[in-house]
Amino acid sequence: MIETTESFTLQGYRSLIMEFFKLNYSIVNFSDMDPLRAHLILRHDIDMSLEAALPIAEIEQDLGIKASYFVLLRSELYNPLSPIGIKILKKLGDLGHEVGLHFDASLYSPSISCLNSEVKRECELLEMALGEEVKTVSFHRPSSKQLKITEPLAGRIHTYQPEFFIDIGYCSDSRGGWYHGHPLEHPSVISLKAIQLLIHPIWWNLKKKLGPVEVLDDFREKRDKLVAKTLSANCDPYRNERGANPESLKGQTK
Ligand SMILES: [Zn+2]
């Protein structure tokens, strides 16, 4: 039953959460998790597309549950401080979800004192944008050294602290598959104990399951449309030639 045709689609995400409900799991945040109870922490790292988070967040609100969304501040792929970015972050908050910092430590010196001060700086920036406290941090593509950081960073809990990562179950989707095992087959779930489930919204965002390359090409096309529209809005020659809503570059002749 585990891997079905609807896996890694929006409907598949809803079905997965329903399976946890059938097992009497409660969806909790990092602070309320009890390792010995059937508690599911839903963590979403937004690596590529902010827009992809919204349909997932809406399904969760419909199911009456709250998740934690982690956003990068220094990605080349999206800008959480852009008008659309801020709108999406506020919407996530309005739907009842937590917004935390997804922190790319590879951009900084690896010393713990530097990481602490940079986490503090990025959290404060995100707090200014959100108008809310940022309580949780999640490393983006953590190194083995970062996975061994046991203490909170800049006074905020982080998602790889042992109590959330080693002492309880942990399961992650990656590249649009359960390459490290299906969450419902995880020993912690079989024994009805706590688990942290990392979901990257981009892999679940379509109505039909596609391969990872097609999913990312779809994301690129949507991103290109936004870039083209923004160029048209800001540059007369471009708008005169391409119109206010330019077609994808793929369809254009030179
Ligand atoms: Zn990440």
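1. Basis. Residues are numbered from 1 along each chain as its sequence is written, and side-chain values use heavy atoms, with hydrogens and water left out. Because the model is predicted, local features need pLDDT of at least 70 and side-chain atom pairs count only at pLDDT 80 or more, while totals for chains, interfaces and linings use all residues.

2. Domains. The protein chain is split into domain 1 (10-204) and domain 2 (212-251), with bounds that come from an automatic or database domain assignment. Their centres, taken over C-alpha atoms, are 30 Å apart. Eight residues from domain 1 and six residues from domain 2 make the contact (heavy atoms within 4.5 Å).

3. Interface area. The two domains bury about 630 Å² between them, 76% of it on carbon and sulfur atoms, where buried area is the accessible area (1.4 Å probe) that two parts lose on being put together, summed over both. On the side of domain 1, Leu 77, Ile 202 and Trp 203 lose the most area to domain 2, together 51% of what that side buries.

4. Zero salt bridges are found between domain 1 and domain 2 (a side-chain nitrogen of Lys or Arg within 4 Å of a carboxyl oxygen of Asp or Glu).

5. Zinc site. The protein donors of the zinc ion (N, O and S atoms within 2.8 Å of the metal, or 3.2 Å for Na, K and Ca) are Asp 47 (OD), His 102 (NE2) and His 140 (ND1), at 2.0 to 2.1 Å. Water is not among the atoms, so the site may look incomplete. Along the chain, the donors follow the spacing D-x54-H-x37-H.
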